[in-house]
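Welcome! Please take a look at the structure below, and then we will work through some exercises together.

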Amino acid sequence: MGEEVDAQEFSRADRTRHREKVRRNLDVFARMLREERFDTDDPMTGLEVELNLVDEAGDPALKNAEALEAIASPDFQTELGQFNIEINGAPAKIRDGGLTTFEESLRRSLNDAEQKSAEIGAHMVMIGILPTLAEGHMGLDSLSANPRYKLLSEQILNARGEDITIAIDGTERLRTTADSIVPEAACTSTQFHVQTSPDQFAAYWNASQAIAAVQVAVAANSPYLLGKELWRETRIPLFEQATDTRSEELKAQGVRPRVWFGERWITSVFDLFEENVRYFPALLPVSDDEDPLEVLEAGGTPKLAELRLHNGTIYRWNRPVYDVAGGVPHLRVENRLLAAGPTVADTIANAAFYFGLVRALVESERPLWSQMSFSAAEENFHVAARQGIDAHIYWPGVGQVRATELVLRRLLPMAREGLASWGASQEESDRLLGIIEQRCLLSTNGAEWFVQRVQAEGNRDRYDALRASLLDYRERMHTNEPAHTWD
């Protein structure tokens, strides 16, 4: 969830000071780009997974503090809701067997965490939206104890000036309101990080935007919210609405949303940070004592704390990240549009597909994003979120095509080429991309399996059917057999 902050009130002077500091950060960031201050020698990749906690019956377990105490690992951290935690994988190089390292580490960590948290009645589930969440879980008392979350909720609601409205029309129809950002906690994701040089950042970000729809289509895993079957990746509209600071009037005026696909292809990482500063007021105007220019001119690396905190409250589906490791700054694209799960094997297959495909697109002679409009990429994204594995999307040179056919005929070969460029072994590439291939051939992913499993419960009460299906899902998740193999 970003930088930690203490609970506090913000004055008008705080906001003025923070705005000035963010703009100073941005100026220093621009100078660092000009002076090539960034670590670009040996790019790393990374992985984060957000998890849900459930009790023995399959209902949400509001026990993340107790679970984290039981797990006692720095790899696990708190998340927005008391029914959430997050695991952060150590960065790795793909050429050094990084994908297998991610897989083994994630499986080992989850197994250990499950064993420990089960003792306090909390079980791990990797799924985009916990299907058994009910209206009673959407209140402020479900927020984690970290002061940042309550403060962020207050600031979003204050900026909006009214309760949050959730309105999603899918297979069924949902209308509800919330007096906090707890609905955001319902959205649990997998996040892939790819480090890149400033020169190549725009290409990696543009490529990530262009393939967002394909990623969502083949990996959708969020078909239910508050007892309703909605989109195959309901996380997308839910997250867009749950953190929306705009009133209806501001929406009508064209004010940009904080959960944002964007509106154009970029030419530099600076474009994204500059847009964030220009378009969005601060939600958490906390100012640091560091003078970034003094630090830079003294030969140090500025933290750019205000710019990073501000960036963390603007939820691009592909987010730019400035970070410092070992005293050296670097840049990453954070790909944050996929749901968690269903299994570790599925998660790493999704990672292989993403890392391979973006690398191939970046290295292609004619950039894909020069052949399609940005609005087409955005429309594709929402179509894929709604329809999942059955989505038909637009692709340059092909026109409207079923996403699975596009993946099988064009994109999997490209992903294999990209993984080879990263230095992945053919065996590793074939095994992981084979999972994506089978999903497409069988038209089955996590969302499809879950909907069919609930339907198999017949006319049973919806929440009883969801509980039974989720318990079955959780058991299968721990076998680590990919979802396309589930009966």
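This is a predicted model: local features need pLDDT of at least 70, side-chain atom pairs count only at pLDDT 80 or more; totals for chains, interfaces and linings use all residues.

Residues are numbered from 1 along each chain as its sequence is written, and side-chain values use heavy atoms, with hydrogens and water left out.

**Exercise 1.** Find where Asn 445 lies and decide whether Asn 445 is buried or exposed.

*Solution.* 
- Start with the place: Asn 445 is in the loop between helix 16 (426-442) and helix 17 (446-455). Helices here are DSSP runs (H or I, at least four residues), numbered from the N terminus.
- Next, the accessibility: Asn 445 counts as buried because its relative accessibility is 3%. Buried means under 20% relative accessible area, exposed over 50%, and partly exposed in between (1.4 Å probe, protein chains only).
- Then look around: leaving out residues up to four places away in sequence, Asn 445 touches Ala 217, Val 218, Ala 219, Ala 220, Ile 389 and Arg 439. Contact means heavy atoms within 4.5 Å.
- Finally, a polar atom of the Asn 445 side chain lies 3.1 Å from the backbone oxygen of Ala 217.

**Exercise 2.** Describe the setting of Val 383.

*Solution.* 
- Val 383 belongs to helix 14 (residues 374-387).
- With 23% relative accessibility, Val 383 counts as partly exposed.
- Beyond its neighbours within four places in sequence, Val 383 is in contact with Gly 388, Ala 391 and His 392.
- Met 126 is 257 residues apart from Val 383 along the chain, and their C-alpha atoms are separated by 23 Å.

**Exercise 3.** How are helix 13 and helix 15 oriented to each other?

*Solution.* 
- Take the axes of helix 13 (residues 344-363) and helix 15 (residues 403-422): they come within 7 Å and cross at roughly 85°.
- Helix 13 and helix 15 are therefore roughly perpendicular to each other, a label for angles of 65 to 115 degrees.
- Among the residues making the contact are Phe 353 and Leu 357 of helix 13, and Leu 411 and Trp 422 of helix 15.

**Exercise 4.** How many of the 8 residues of helix 8 are buried?

*Solution.* 
- List them: the buried residues of helix 8 are Arg 235, Ile 236, Pro 237, Leu 238, Phe 239, Gln 241 and Ala 242.
- That makes 7 of the 8 residues of helix 8 (residues 235-242), so helix 8 is largely enclosed by the rest of the structure.

Conventions. Helices (H or I, at least four residues) and strands (E, at least two) are DSSP runs, numbered from the N terminus. A polar contact is a pair of N or O atoms within 3.5 Å; within protein, one must be able to donate a hydrogen and the other to accept it, and residues adjacent in sequence count only if both atoms are side-chain atoms. Axes are lines fitted to C-alpha atoms, for helices over the stretch in contact, and angles run from 0 to 180 degrees between N-to-C directions. Angles under 35 degrees count as roughly parallel, over 145 as roughly antiparallel, 65 to 115 as roughly perpendicular and the rest as oblique.
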